[in-house]
Amino acid sequence: MNQDTQTTKKTKSYIETKYTGQETDPRQKRLSRRVNQNGNFQQPYPQQKYGQPNAYEDYDDYDDYDEDDLPQRPKRDYEEFDTRDMDAEDDYYERPAKKSRSKASKKPKKKKKHPIRKIFVILFCLILVFVLLCVNVFRKFDHVDTEVSQNRGTLGDQVNILLIGQDAREGQEQQRSDSMMLLTINKSNGTVILTSLMRDMYVDIPGYNANRINAAYSYGGVDLLDETIQQDFGITIDGNAMVDLEGFAEAMAGVAPLDIELTQEEADYMNANPAIGTANDEAAADANWNLTAGMNSLTAEQVLCYSRMRHVGNSDWDRTARQRIVMQTALNKVKHGHLIGGYKMASNAAPYITTDMNTMMMIQMAFALTANKEMQSYLIPVAGTYSDQNIDGMAVLVPDMDANRSYLQQYMSGEYDDGSSDE
């Protein structure tokens with residue numbers, strides 16, 4: 001063996017000792033370097049360190065070795081041979097390199113849907129439309145300043161609005177109040193109360209002698225009427241709204257027809273007196289009503305006639321009850337889906353309504369009327385708490401003020417329950 005062969009064998013032995021720790025068959029070393037004992041693939045060749053030559057470049061073949069001197073590779077049964085290691089090696093070389101994606105080539109992520117956010121957006125839009133419609137209607141009202149509006153502070157949990165129906169025909173000046181109703185809205189329990197005040201109640205009027213309560217309106221307008229009610233019944237009035245017969249008829253035109261049940265006596269009287277259904281008491285020449293006992297769909301003129309007639313039933317007692325029925329029926333129709341009709345009702349009546357309420361207060365009232373519970377209605381004086389008398393030639397109702405003051409305050413709280421809303 002010449003010197004070059006000895007040098008090559010020494011180099012081979014050095015490589016085996018450095019990288020494998022033992023002298024083995026180079027073919028086995030090549031495979032072991034690719035797949036370790038745990039079956040995990042590793043680099044096929046050792047990493048070259050800086051400044052060191054690649055050991056495998058020193059020899060390129062096994063021609064210089066005697067095959068008998070090389071260790072023999074152990075034989076292995078083919079069935080026992082696990083090809084997973086070789087498959088892993090092949091997959092490593094055949095697997096294409098991952099392409100780096102730039103930010104611009106990435107697909108945009110789909111935004112998550114937020115159903116709750118959509119619900120809030122829809123509610124906000126509905127409220128906004130509601131407010132804009134209310135503002136459009138309320139700007140048509142005739143706004144006035146009263147002592148109530150000038151002294152009005154922050155509204156409390158209970159809001160009381162006095163609704164006044166003026167007994168003035170078309171072309172006439174202010175007359176006595178034909179009807180008075182207290183509209184009470186309780187924010188805490190969500191109740192809406194409508195209480196009629198009988199116009200023939202004989203009460204004390206500040207600065208004047210005792211008289212029928214509706215005389216206070218003719219003596220001193222809404223200011224004196226507010227003062228009279230607050231003094232006699234111990235309540236607070238937060239706002240006023242006044243409408244005449246023409247305004248009431250226009251309001252009913254926006255929401256009519258109304259389904260109202262009539263008695264035979266009421267139907268016969270309305271058929272015979274259609275003129276009461278007009279603001280000037282002049283019926284159209286072709287007016288021909290065929291109302292019957294039971295449920296009827298009343299037009300705007302028929303609703304006005306139904307609300308005004310007093311010579312049917314128990315005089316003014318039944319008349320005020322019919323007025324409350326009309327208010328409740330119209331409000332319920334608006335609340336149960338006829339919002340366009342409610343808007344028309346308010347818009348038609350707006351030019352005929354005089355009020356001392358500001359826009360924000362009216363929006364709150366409109367929202368409360370449509371969102372709160374069903375309206376309850378009552379009547380003052382309560383049965384058994386007054387006496388019929390004739391004073392100075394006037395047929396009047398002399399109420400027990402203490403008893404009726406207590407009843408009224410219970411009604412307005414929304415917590416009174418005697419099994420019947422009307423007395």
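Predicted model: local features only at pLDDT ≥ 70, side-chain atom pairs only at ≥ 80, totals over all residues.
Tyrosine 378 is buried, because its relative accessible area is 3% and buried means under 20%.

**The tyrosine group**

How are the rings of tyrosine 378 and tyrosine 411 arranged? They form a stacked aromatic pair, 4.1 Å centre to centre, with 5° between the planes. Tyrosine 378 belongs to strand S11 (residues 375-380) and tyrosine 411 to helix H13, so this pair ties together parts that are 33 residues apart in sequence.

Keep tyrosine 411 displayed and select tyrosine 407. Tyrosine 407 and tyrosine 411 make a tilted aromatic pair, with 6.0 Å centre to centre and 40° between the planes. These two residues are 4 residues apart in helix H13, which means that about one helical turn separates them. Is tyrosine 407 buried or partly exposed? With a relative accessible area of 26%, tyrosine 407 is partly exposed.

Across the whole structure, a search finds 7 aromatic pairs.

Remain in helix H13 (residues 401-413) and select arginine 405 and aspartate 402, which lie 3 residues apart, about one turn of the helix. Side chains of opposite charge can pair when their charged atoms come close. Here, the side chains of arginine 405 and aspartate 402 meet in a salt bridge, at 2.9 Å from N to O. Aspartate 402 is exposed, with a relative accessible area of 57%, whereas arginine 405 counts as partly exposed at 24%.

**A buried network of charges**

The structure holds 6 salt bridges. For another of them, select arginine 199 and aspartate 316, whose side chains meet at 3.6 Å, N to O. Which parts of the chain does this pair link? Arginine 199 is in the loop between strand S4 (191-197) and strand S5 (202-203), and aspartate 316 is in helix H10 (residues 315-335); the two are 117 residues apart. Both arginine 199 and aspartate 316 are buried.

The side chain of arginine 319 forms a salt bridge with that of aspartate 316, at 2.6 Å from N to O. Arginine 319 and aspartate 316 are 3 residues apart in helix H10, so about one helical turn separates them. Arginine 319 is buried, as is aspartate 316. Taken together, Arg199, Asp316 and Arg319 are linked in a network of salt bridges.

**The cavity**

With these three residues still selected, turn to the cavity. A search of the whole structure finds 1 cavity of 30 Å³ or more, and the largest cavity has a volume of about 50 Å³. Which residues line the largest cavity? Among them are Arg199, Asp316 and Arg319. To display the rest of the lining, select Asp178, Ser179, Met180, Met181, Ser196, Leu197, Thr320 and Gln323. Strand S3 (177-186), S4 and H10 are the elements that give two or more residues to this lining. By class, the lining has 3 nonpolar, 4 polar and 4 charged residues.

**Last stop**

Finally, select arginine 322 and tyrosine 306. Where does arginine 322 lie? Arginine 322 lies over the face of tyrosine 306, at 6.0 Å from the ring centre.

Note on methods: Residues numbered from 1 in each chain as written. Heavy atoms only, no water. Salt bridge = Lys/Arg side-chain N within 4 Å of Asp/Glu carboxyl O. Buried < 20%, exposed > 50% of the residue type's maximum accessible area, 1.4 Å probe, protein only. 1 Å grid on protein atoms, 1.4 Å probe; cavity = no way out; pocket = protein on both sides within 12 Å on 5 of 7 lines; lining within 4 Å. Points joined across faces, edges and corners; volume = space filled by probe spheres on them. Nonpolar A, V, L, I, M, F, W, Y, C, P; charged D, E, K, R; others polar. Phe/Tyr/Trp six-rings, centres within 6.5 Å; stacked < 30°, edge-to-face > 60°. Lys NZ or Arg CZ within 6 Å of the ring centre and 35° of its normal.
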